[in-house]
Structure formats: structure tokens, C-alpha cells
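Hello,

Here is the structure I promised to pass on to you. Have a look at it first, and then read on for what turned up in it.

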Amino acid sequence: MAAVGVVAVLLLAPLVGLAANFRVGERPSVPSGETVREDLYMAGGLVTYSGSVSGDLVAAGGTILVNGAVAGDVTAGGGTVTITGEISDDVRVGGGNILIEGAVSGDLVAGGGQVHVASSRVGGDVVIGGGTVRLDAPVGGKVTIGGGDIYLNAPVAGNVTVKADNLTLGPGAD
């Protein structure tokens, strides 16, 4: 019997470190001023995040709005995804309409019908697949984009690879 107890402790010990916060429902939210000190998982029809999270944010829903700061990664999937908060690591997002206006310190991976990256900067690499893609944010790494109509209007520190039906270079593209 003691052996069973030891095995149970050894199997469950890794789960103790998996601290996470879950918010689900029709309109799950984290208001501004609230701090989540672990990973945050949100799912619902209208997902609104305006607080601060010290871990990762994972969100799924019809409409997702990320206004607050995230110290880790953001992974989001929804019909409409808007990110205006500052993200200290990577962003992975999929959706029908995607707007990234907040700064992204790491990499950005996005796939959607319409993708617009209008943030102050993306510190790492950018990989985007979409029907209509607009890149207006300076990129610290390389850029790979595939899609229908592509508009590049920002400096890119690394190599740029584009496969598009139509490519337009704006005045801000270097």
C-alpha cells in the first residue's frame, strides 16, 4: 500500500506546478486593474482581456479583444481577434479578421482572412498566411507571408519572402 502512495505522489507532483486560471462563458473577461499571476485560459462568445497576466494567455471565442499586457505568449483563435496590449513574448493567432496594434516583443504567427499588423514593432520573425495582409509594423527579424493581396509598409531587419497574387510596397518598406 505504501508503494501505491509513493507512485501516486510521483505521478501527481508535476501537476502541482501547473497553476492556471480559467474563465469561460458567454462573456468571460478580465477587467483592467486585475492581475492574473499564472497562465490564463479564456473561452466564450465575447472574450475581453484588459488586465495583466504574468504567464501565457490562451483565448478562444467568436470575438476576442486583448487590451492588457501579457508577460508570456498569446495564443488566440476566433472570428475576430484584436490585440492592442503589449505582448512580451510570441503571438500565435488565427481568425477571420485579425488586428494586431500592440507591440510584440517576440515572433508573430498569424493566419486569417484579413490580417493587419499595425503595432509599434514586432521584435522577432513574422509568419502570416491570409487573403488580405497588411504589414505596417517594423520587424526585427525576417518576414514570410503568403496570401492574396499583400501590402508591406514597414522596415524589416531580416529577409522577406512573399508569395502573393498581388504585392504592394508602401513608402515605409525598406
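Predicted model: local features only at pLDDT ≥ 70, side-chain atom pairs only at ≥ 80, totals over all residues.

**What turned up**

What does Asp73 pair with? Its side chain meets that of Arg92 in a salt bridge, with N and O 3.6 Å apart. The two come from distant parts of the chain, 19 residues apart: Asp73 sits in the loop between β7 (69-70) and β8 (74-83), and Arg92 belongs to strand β9 (residues 91-100). Unlike a residue under the 20% limit for buried, Arg92 counts as partly exposed, at 35% relative accessibility.

Arg92 also has a salt bridge with Asp90, at 3.7 Å from N to O. Asp90 is buried, with a relative accessible area of 18%. Through shared partners, Asp73, Asp90 and Arg92 are joined into one network.

The whole structure has 5 salt bridges. Another one of them is formed by Arg121 and Glu86, whose closest N and O atoms are 3.6 Å apart. This pair also links distant parts of the chain, 35 residues apart: Arg121 is in the loop between β10 (108-117) and β11, and Glu86 in the loop between β8 and β9. Arg121 is partly exposed at 33%, and Glu86 is partly exposed at 42%.

Next, the aromatic side chains. There is 1 aromatic pair in the structure. The ring centres of Phe22 and Tyr41 are 5.1 Å apart and the planes meet at 15°, so the pair is stacked. Phe22 lies in strand β1 (residues 20-25) and Tyr41 in strand β4 (residues 39-49), so the pair ties together parts 19 residues apart in sequence. Phe22 is exposed, with a relative accessible area of 58%, while Tyr41 is partly exposed at 32%.

Strand β11 (residues 126-135) runs parallel to strand β12 (residues 143-152), and 9 bridges join them; Val133 has Ile150 in β12 as its bridge partner. From β12, 9 bridges lead on to strand β13 (residues 160-169), again in parallel, and here Tyr151 is partnered with Thr168 in β13.

Finally, a word on confidence. The mean pLDDT of the protein chain is 92, and 90% of its residues reach 70 or more. Over residues 1-16, however, pLDDT stays under 50, and the model has 0 contacts beyond four places in sequence for them.

How values were computed:
Residues numbered from 1 in each chain as written. Heavy atoms only, no water. Phe/Tyr/Trp six-rings, centres within 6.5 Å; stacked < 30°, edge-to-face > 60°. Helix = DSSP H or I, 4+ residues; strand = E, 2+ residues; numbered from the N terminus. Buried < 20%, exposed > 50% of the residue type's maximum accessible area, 1.4 Å probe, protein only. pLDDT = per-residue confidence, 0-100. Contact = heavy atoms within 4.5 Å. Pairing = 2+ DSSP bridges. Salt bridge = Lys/Arg side-chain N within 4 Å of Asp/Glu carboxyl O.
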